[in-house]
Amino acid sequence: MEEQFKKLGTLFRSKREEKNLSLKEVENSTSIRSNYLEAIEDGKIEQALSAVYMLGFIRQYANFLGLEVDKIIAQYPEVFNKAGQKHEFDYGIGTLEVRGSMGGGVKWLPNLVWAGVSAVVLVLLWYFAKQMGVI
């Protein structure tokens, strides 16, 4: 399977170089970090990130380079045949550990400030209306 990754990476690198694109230009256009693009081109897909992300990156990169994704899947089935593998989920992305914790971001503070300012404004309006005899 490693051989399949390397062949696919060589195909991507040659297509990118054929279009005279640098990795930075591809990164800017696809929003895939250049270290992941390098991992794809070097055939080190398994070492870079979880397989699910890398397969998505491969598809996106192939589309960007103008390659037919269906044709690539047929040509390199071992790369895309990940259904039987257990995928590891990396919690370090900032998803679950932040949920429900007050330290994950003080999102309630701006609402509290606005509520306080609104209450002060309403009390001042009531006070001035009372002083002017409107109420």
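# Notebook: aromatic pairs and helix packing

I searched for aromatic pairs and found three in the structure. I note at once that this is a predicted model.

**Entry 1. Phe12 and Tyr61.** I took this pair and asked how its rings are set. The ring centres of Phe12 and Tyr61 are 5.0 Å apart, with the planes at 85°. Planes over 60 degrees apart count as edge-to-face, so I logged Phe12 and Tyr61 as edge-to-face. Next I looked up where the two residues sit. Phe12 belongs to helix α1, residues 2-18. Tyr61 belongs to helix α5, residues 51-65.

**Entry 2. Tyr127 and Phe128.** I went on to another pair. The rings of Tyr127 and Phe128 have centres 5.7 Å apart and planes at 65°, so this pair is edge-to-face. Tyr127 is partly exposed, at 41% relative accessibility. Phe128 is partly exposed too, with a relative accessible area of 48%.

**Entry 3. α1 against α5.** Two packed helices are described by the angle between their axes and the distance between the axes. I looked up both. The axes of α1 and α5 come within 10 Å. They cross at roughly 35°. I recorded the crossing of α1 past α5 as left-handed.

Which residues make the contact? From α1 I listed Leu8, Phe12, Lys15 and Arg16. From α5 I listed Ile58, Tyr61, Ala62 and Leu65. Phe12 and Tyr61, the edge-to-face pair, are thus on both lists. I sorted the contact residues by kind: six are nonpolar, none is polar and two are charged.

**Entry 4. The two sides of α2.** I turned to helix α2, residues 23-30. Its buried residues are Leu23, Val26, Glu27 and Thr30. Why do I place them on the same side of α2? They cover an arc of only 105° around the axis, which puts them there. The spacing fits a general rule. An α-helix has 3.6 residues a turn, so residues three or four places apart point the same way.

I then looked at the other side of α2. Asn28 and Ser29 are exposed there. I also asked what the buried residues of α2 pack against. The partners are α1, α3 (34-42) and α5. Just after the helix, I checked the backbone. Ser31 follows α2 and has a positive phi, near 65°.

**Entry 5. Tyr53.** I looked up one further tyrosine in α5, Tyr53. Tyr53 is partly exposed, with a relative accessible area of 33%. I took its distance to Tyr36, C-alpha to C-alpha, and got 9.8 Å. In sequence, Tyr53 and Tyr36 are 17 residues apart.

**Entry 6. The whole chain.** Last, I took totals. The protein chain has eight helices and zero strands. From the N terminus on, its elements run α-α-α-α-α-α-α-α. The chain holds 135 residues, and buried ones make up 25% of them. I also looked at contacts between residues at least 6 apart in sequence. Of these, 61% join residues at least 24 apart.

Note on methods: Residues numbered from 1 in each chain as written. Predicted model: local features only at pLDDT ≥ 70, side-chain atom pairs only at ≥ 80, totals over all residues. Heavy atoms only, no water. Phe/Tyr/Trp six-rings, centres within 6.5 Å; stacked < 30°, edge-to-face > 60°. Helix = DSSP H or I, 4+ residues; strand = E, 2+ residues; numbered from the N terminus. Buried < 20%, exposed > 50% of the residue type's maximum accessible area, 1.4 Å probe, protein only. Axes fitted to C-alpha atoms, helices over the stretch in contact; angles between N-to-C directions. Left-handed = near helix turned anticlockwise from the far one by under 90°. Contact = heavy atoms within 4.5 Å. Nonpolar A, V, L, I, M, F, W, Y, C, P; charged D, E, K, R; others polar. Arc of directions from axis to C-beta.
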